[in-house]
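Dear colleague,

I am passing on the structure we spoke about, and below it you will find my notes. Please read them with the coordinates open beside you.

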Amino acid sequence: MRLDDFPKIFAQLPGAMPIWHGTVDATGYRALCKQVLHGGGKLLALWGEDKTQDSVSQKAAGYALHVALVTAPGLLVLSLPLAQAEVRFPDLSDLFPAADRMQRSVADMFGLRPDAESDQRKWLRHGSWPQDAYPLRKSFDPHTSYATEADAYPFVSVTGDGVHEIAVGPVHAGTIEPGHFRFSVVGEKVLRLEERLAYKHKGTEKRFEGMSLQLGAKLAGRISGDTTVAYAWAYAQAAESLCLCTPPERALWLRALLLELERIHNHLGDLGYLGNDAALAFGFAQFWILKEDLLRMNETLFSHRYLMDIIVPGGVTRDLDNAGLLHMADTLRHIEDETARLKNIYDEHAGVQDRFLTTGRVAPDLAAQLGLTGLAGRASSQAWDVRAQFPTMPYEQLDVNMVTHRNGDVAARVTMRFEEISESIRLIRLILARIPLGETLTELGKAEAGKLGIGWVEGWRGEVMVALHSGDDNRIHRLHPHDPSWQNWPVLEHAIIGNIVPDFPLINKSFNLSYSGVDL
Amino acid sequence: MYQIIKQMLRTGIKSGTTPQTDDALRNQIQDINAQILNIVGRALAIRHVDAGSCNGCELEIHCLNNPYYNIEGIGMHFVASPRHADMLLVTGPVSRHMEMALKRTYDATPDPKLVVALGDCGKDGGIFGESYASCGGISKVLPVDVIVPGCPPPPLAILQGILTAVSRSKNA
């Protein structure tokens, strides 16, 4: 699949990543998506835009639907203009099942609807605004407050002898984000799981509109707190693409360093909880000591335990001195030694392995069909990693070893984390040895209004994308952040089928998906 | 099993190994423990509710459970149901979609109860503010005893907020 194989409608967007953008009609929209699917590509993101108050063209330009597709040469972004909201757009969920919830979200937020034969149920909307109000239309006042209605969501019900339902959430038993899970079970065996999310919908996308490009970076870092570095970097890439700004090389190396630190601390935390959920509290204590060691190092070196607000458009706000480099090398050596020791203990522990092996299995063909992505995808043979396939500075000089496994069970997702920690530590060592000297921040400059900038970064959970449509005066016209959890939540519904209810927490934790990142 | 015991011995006891394990701190911990016992008559049971956060504050609540902070050692623990809780530890902003669930969780918590709001967003909605989808800070929905600002507030600040709420209720 080469770029020449596609119609000559694409223009490359400026910036670090290989991204092409083109406008299509409804026929071309589906045809191109089909071509990408058959060429081995996949759907990354789908979002809407209201251009009815477009100040650039000075005329009503209707709406637009955008879809980002991953192909061998890079990211293809298709824009489908829709003159009126009533025009239905072609459904993609038969090609890419993950499109279903994205399309329903576009319907809730813009009133733009896919073909009538697709799933027409609401997704992001519960009962806080009426069915005929669309929060992401420009005419919608963000401060409007409506009386709350009942959600009345039509769950699919399973009937038969002995089938009953277990409803869980939105408030869960542990320290977890809120969401609702509806299990249909026979005895303790799960027949079906249906998720109802969007409890955390807090108007994030609307909040971005009208923000300055600088302030937007702060909000981008809070789309999903555990992925703050990846979002901040993706946002910075998008803003820098719009402003034709190239950050200093040292800043790019520092960004990669921060991204790998974020990957390590999340993986350490998950490994602790995975042990805990298999009744090995020892694992929780051990891994969370290591995680705390890393967070304290972050606090010492960067003044923030989770590295928030360090990546900004134009570069990074903090530098690392030689003492800092040594401190980091020491901390990582300690974490590497301890993690290797703990891996042996997990591997040799019969009780833990009994819970991990074959539990929550997603076979590679199902993973491919449903578009499972990121860490969970790589545990099911889906060999995608932006750092390895589309390496930008500094990854192009680091030669990232992509970790993959084939079993697709909890055990595979655990092993993925152990091996990715090792790889991230290797990458950080290379960065510490080779990072060039120089400035860390440059002037962002001005963005032309009415343009599209895209950032695309492999976060710890999977690929994060930020699509930024520029407005007047270096302000945001529209911003859509995409979390890999959009793809992976629906696959979790499949991973649990045939497993027992008590294994759900373990399976869920092995995916560890974001609620805030998709509820927006 | 041998490997596990060996690793435990290697790791040692992380709690209380800092230089502060002098008598002053011991008294303080005993004092905290005594205070908690005085107020609730047993260990303080805390129920966390995420009412719409970015998940940043949750990361720090998880950390509070790591061996460095030793919270069970000073007499507090997290529980799975509001019906078992003395205190709600709430992160925000409160999304409108979580408003009802949060109120119901509060109603399910037996009296007397304390509410600690976490983070800049729990304080007043923070960067998410108030909108068609966000009620803003926790105090827009529940009576709040103590607010712990920060983005996210580190574990020691959360611990301080929890202890402040307990001691304030003693004075009240």
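Is A:D119 buried, partly exposed or exposed? With a relative accessible area of 23%, A:D119 is partly exposed. Please keep in mind throughout that this is a predicted model.

Salt bridges

A:K122 counts as buried, at 14% relative accessibility.

A further salt bridge joins the side chains of A:D503 and A:R355, at 3.0 Å from N to O. This pair links distant parts of the chain, 148 residues apart, with A:D503 in the loop between α14 (485-495) and α15 of chain A and A:R355 in helix α9 (residues 350-356) of chain A. The two partners fall into separate classes of accessibility: A:D503 counts as buried at 10% relative accessibility, whereas A:R355 is partly exposed, with a relative accessible area of 23%.

Over all chains, the structure holds 44 salt bridges. Some of these residues form a network, in which A:E260, A:R263, A:R378, A:D385, A:R387, A:E420 and A:E458 are linked by salt bridges.

Helix α15 of chain A

How many of the eight residues of helix α15 (residues 504-511) of chain A are buried? Seven of the eight are, so the helix is largely enclosed by the rest of the structure. The buried residues are A:F504, A:L506, A:I507, A:N508, A:K509, A:S510 and A:F511. Just after α15(A), A:N512 takes a positive phi of about 40°.

Within this helix I would draw your attention to A:I507, which counts as buried at 0% relative accessibility. Leaving aside residues up to four places away in sequence, A:I507 touches A:T359, A:G360, A:V410, A:R413, A:L492, A:A495, A:I496 and A:N499. One of these, A:V410, is 97 residues from A:I507 in sequence, yet the two are 6.2 Å apart in space, C-alpha to C-alpha.

Chain A is divided into domain 1 (3-142), domain 2 (162-200) and domain 3 (204-497 + 506-519). The C-alpha centres of domain 2 of chain A and domain 3 of chain A lie 27 Å apart, and the contact takes 16 residues from domain 2 of chain A and 13 residues from domain 3 of chain A.

In the loop between β6 (163-168) and β7 (180-186) of chain A one finds A:T175, which is buried, with a relative accessible area of 15%. What does A:T175 touch, not counting residues up to four places away in sequence? Its contacts are B:H48, B:E58, B:I61 and B:H62.

A surface patch on chain B

B:M1, B:I5 and B:L9 form a nonpolar patch on the surface, and together they have about 380 Å² of accessible area. Of these residues, B:I5 lies in helix α1 (residues 2-11) of chain B and counts as partly exposed, at 43% relative accessibility.

Cysteines

With a disulfide taken as a pair of cysteine sulfur atoms within 2.5 Å, the count comes to zero disulfides over all chains. A:C243 is in no disulfide, and the nearest cysteine sulfur, that of A:C245, is 6.9 Å away. A:C243 is buried, with a relative accessible area of 8%. In chain B, B:C121 is likewise in no disulfide, the nearest cysteine sulfur being that of B:C151, 6.0 Å away. B:C121 is buried, with a relative accessible area of 13%.

With best regards

Note on methods:
Residues numbered from 1 in each chain as written. Chains lettered and ligands numbered in written order. Predicted model: local features only at pLDDT ≥ 70, side-chain atom pairs only at ≥ 80, totals over all residues. Heavy atoms only, no water. Buried < 20%, exposed > 50% of the residue type's maximum accessible area, 1.4 Å probe, protein only. Helix = DSSP H or I, 4+ residues; strand = E, 2+ residues; numbered from the N terminus. Patch = residues over 30% accessible without salt bridge, like charges linked within 9 Å, V, L, I, M, F, W, Y side chains within 5 Å. Areas by Shrake-Rupley, 256 points an atom, 1.4 Å probe, with all protein chains shown as cover. Salt bridge = Lys/Arg side-chain N within 4 Å of Asp/Glu carboxyl O. Domains from an automatic or database assignment. Contact = heavy atoms within 4.5 Å.
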